[in-house]
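I opened a new notebook page for this chain.

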Amino acid sequence: MGRHERTQDGPTQDSVRLDARVFGMVQGVGFRYWTMGTAEDLGLSGEVKNLDDGSVSVVAEGPQPQVRKLLDWLNSDRTPGRVERVDSSVSEAGGKYRGFGVG
């Protein structure tokens with residue numbers, strides 16, 4: 001089995017978890033669905049959801065280069081709405097997610 005392939009037991013050795021909180025005008029503009037589509041295109045698993053304070057939470061797991069591409073996209077001008085700031089951290093993936101969902 002290749003290094004980037006997933007097993008039923010969880011993430012591969014090089015899988016990481018991105019926890020990001022996106023601030024700005026990011027609710028009511030399709031941000032969650034575009035984020036889900038981008039994450040799925042990158043082969044990531046996780047979830048995106050609106051928070052009560054108007055920000056959006058993004059959790060994504062997968063190979064580090066793909067997670068980095070998602071973070072780069074979140075910080076780009078290609079997202080819907082207007083992103084003012086992205087607070088993020090990367091840690092070891094837990095393998096909890098199957099697919100990518102919108103909460």
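**Ground rules.** I worked on a predicted model, in which local features need pLDDT of at least 70 and side-chain atom pairs count only at pLDDT 80 or more, while totals for chains, interfaces and linings use all residues. Residues are numbered from 1 along each chain as its sequence is written, and side-chain values use heavy atoms, with hydrogens and water left out.

**Entry 1, whole chain.** I took helices (H or I, at least four residues) and strands (E, at least two) as DSSP runs, numbered from the N terminus. The protein has two helices and five strands. Read from the N terminus, the order is β-α-β-β-α-β-β. I called a residue buried under 20% relative accessible area, exposed over 50% and partly exposed in between, with a 1.4 Å probe and protein chains only. On that scale 41% of the 103 residues are buried. I counted a contact where heavy atoms lie within 4.5 Å. Of the contacts between residues at least 6 apart in sequence, 74% join residues at least 24 apart.

**Entry 2, strand β3.** I asked how many residues of β3 are buried. In β3, which spans residues 56-63, eight of eight are buried. I then looked up its partners, where two strands pair if DSSP finds at least two bridges between them. Strand β1 (residues 15-25) runs antiparallel to β3 and is joined to it by eight bridges. Strand β2 (residues 45-50) is also antiparallel to β3, with six bridges. A60 in β3 is the bridge partner of L18, and G46 stands opposite A60 as well. V56 in β3 is the bridge partner of N50. In the hairpin of β2 and β3, five residues lie between the strands, and G54 has a positive phi near 95°.

**Entry 3, strand β5.** β2 pairs with β5 in the parallel sense, over three bridges. G46 stands opposite F100 in β5.

I listed the buried residues of α1 (residues 31-41): F31, R32, T35, T38 and A39. I noted that they are on the same side of α1, because they cover an arc of only 130° around the axis. I took the arc from the directions from the helix axis to the C-beta atoms. The face turned away from that buried side carries the exposed residues Y33, W34 and D41. The cover over the buried residues of α1 includes β1, β2, β3, α2 (64-74), β4 (82-92) and β5 (100-102). Just after α1, G43 takes a positive phi of about 75°.

Which residues of α2 are buried? They are V67, L70, L71, W73 and L74. Seen down the axis they fall within an arc of 160°, so they line one face of α2. I recalled that an α-helix has 3.6 residues a turn, so residues three or four places apart point the same way. The cover over the buried residues of α2 includes β1, α1, β3 and β4.

G81 is in the loop between α2 and β4. It counts as partly exposed because its relative accessibility is 41%. Leaving aside neighbours within four places in sequence, I found G81 in contact with M25 and V29. V29 is 52 residues from G81 in sequence, and their C-alpha atoms are 5.6 Å apart. R82 lies in strand β4. At 45% relative accessibility, R82 is also partly exposed. R82 touches F23, G24, M25 and V26, not counting residues up to four places away in sequence.

I counted a charge as over a ring if NZ of Lys or CZ of Arg is within 6 Å of the ring centre and within 35 degrees of the ring normal. The charged end of R85 sits over the ring of F23, 4.0 Å from its centre.
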